[in-house]
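User: Hello! I am new to this structure and would like to learn how to read it. Could you take me through a few features?

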Amino acid sequence: MKTITAHAAKDLRIEDHPTPEPGAGEVLIAMEAGGICGSDLHYYNHGGFGTVRLKEPMILGHEVAGRIAKLGDGVTGLEVGQLVSVSPSRPCGHCRFCQIGAQQHCLNMRFYGSAMPFPHIQGAFREMLVADATQCAPADGLSATEAAMAEPLSVVLHAARQAGDLMGKRVLVTGCGPIGLLAVLVARAAGAIEIAATDITAFTLNKAHELGADHTVNVMDAPGGLDGFANDKGHFDVHFECSGVESALAAAVPALRPGATIVQLGLGGDMTLPLQAMTAKELVLKGSFRFHAEFHTAVEMMQAGRIDVKPLATHIKPMDQASEAFELASNRNEAIKVVIDFT
């Protein structure tokens with residue numbers, strides 16, 4: 001089978017590896033679609049992020065879907081030929097965080113395509129993947145591209161849980177990459193009465209408007225574009241910060257009403273926060289990291305038509321054009337979500 005393997009920054013190779021066999025409780029999946037994520041781009045463009053660096057060749061990818069090619073012993077509830085979304089989250093189930101239902105903080109997490117531990121956790125951008133049956137969410141009625149979007153949607157559903165009830169709330173989203181755009185979709189589906197979105201490119205902001213944002217602000221062209229929302233101590237009840245950029249959070253604080261909740265999804269460098277202003281407004285800052293239980297919910301929401309992710313998949317590229325696909329995914333003026341076609 002072929003894999004998409006990163007050896008170093010800008011060193012992406014299509015390699016041949018033996019096809020694995022499923023063991024008891026496992027399934028063999030023929031990959032059909034894989035979305036390129038921001039973390040994949042960090043490995044491709046920079047060889048890692050922060051202190052997390054590639055120390056050995058690593059297969060990339062964790063947003064994937066495919067069809068079951070073979071069932072291991074004891075597997076029930078799944079069928080050969082069935083399309084499934086594959087959760088990349090594989091907590092141990094035994095550590096103290098797993099035992100209290102916080103599997104996203106598992107002490108022994110095995111998350112596809114991660115260079116955090118060494119040896120690295122190999123990813124899912126491969127023609128054939130062995131996965132635990134419990135990782136598979138039946139995706140009947142969806143396309144493979146939609147099914148592969150269950151992972152980023154799960155990230156945002158977890159963040160929405162952190163934010164609490166969004167019914168009738170006014171929501172600000174900063175950063176309109178795939179996660180920010182999914183935050184617009186989720187906020188609208190959850191009953192938000194007003195949504196504003198900020199970014200630095202017209203392309204992403206036009207997509208945010210298309211997906212339901214009532215206001216869009218290009219903070220590159222209009223750095224003070226949120227000033228009008230700062231009157232009377234602020235306007236927004238919830239802020240989904242999806243850029244990981246310090247200036248985005250700082251600029252949003254004046255536009256948040258007292259008691260508002262900030263949910264930080266974007267992962268960048270360390271931030272210096274305007275703590276005095278946040279304290280005076282009694283703002284609540286919550287982190288949001290990965291997901292677990294939300295994965296199956298994400299698939300079911302797409303199947304029920306509650307969330308339509310199709311507009312986010314702006315480009316589909318064959319596996320043998322992986323490097324071109326990663327270059328395209330790095331261009332925020334042309335692409336939102338680039339999907340690899342493994343068929």
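Analyst: Gladly! Please keep in mind that this is a predicted model.

User: Where is Gln104 found, and is Gln104 buried or exposed?

Analyst: Gln104 sits in the loop that runs between helix 2 (96–99) and strand 9 (128–132). To judge burial, look at the relative accessible area: under 20% counts as buried. Gln104 has 12%, so Gln104 is buried.

User: How do I read a nonpolar core, and which residues have the most contacts inside the largest one?

Analyst: Think of a core as buried nonpolar residues joined through their side chains. The largest here has 57 residues, and Val171 and Phe240 have the most contacts inside it. Helix 4 (150–163) is among the elements that supply at least two residues, as are strand 11 (170–174) and strand 14 (236–241). Helix 4 gives the largest share, eight residues. Another core, of 38 residues, lies apart from that one and includes Ile36, Phe125, Leu328 and Ile340.

User: What is Val171 in contact with, beyond its neighbours within four places in sequence?

Analyst: Its partners include Leu166, Ala187, Ile195, Val238 and Phe240.

User: How do the axes of helix 1 and helix 10 cross?

Analyst: For a pair of helices, check how close the axes come and at what angle. The axes of helix 1 and helix 10 (residues 322–329) come within 10 Å and cross at roughly 110°. Angles of 65 to 115 degrees count as roughly perpendicular, so helix 1 is roughly perpendicular to helix 10. Asp40, Leu41 and Tyr44 of helix 1 make the contact with Ser323, Phe326, Glu327 and Ala329 of helix 10. By type, these residues are four nonpolar, one polar and two charged.

User: And sheets? In what order do the three strands of the open sheet come?

Analyst: Read across the sheet, strand by strand. The order is 2-1-6, with antiparallel pairing. Strand 2 (11–16) and strand 6 (58–59) are the edges, each pairing on one side only. Strand 1 (residues 2–8) pairs with strand 6 over two bridges, and Ala6 stands opposite Met58 in strand 6.

Methods: Residues numbered from 1 in each chain as written. Predicted model: local features only at pLDDT ≥ 70, side-chain atom pairs only at ≥ 80, totals over all residues. Heavy atoms only, no water. Core = buried A, V, L, I, M, F, W, Y, C linked by side-chain atoms within 4.5 Å. Buried < 20%, exposed > 50% of the residue type's maximum accessible area, 1.4 Å probe, protein only. Helix = DSSP H or I, 4+ residues; strand = E, 2+ residues; numbered from the N terminus. Contact = heavy atoms within 4.5 Å. Axes fitted to C-alpha atoms, helices over the stretch in contact; angles between N-to-C directions. Parallel < 35°, antiparallel > 145°, perpendicular 65-115°, else oblique. Nonpolar A, V, L, I, M, F, W, Y, C, P; charged D, E, K, R; others polar. Pairing = 2+ DSSP bridges.
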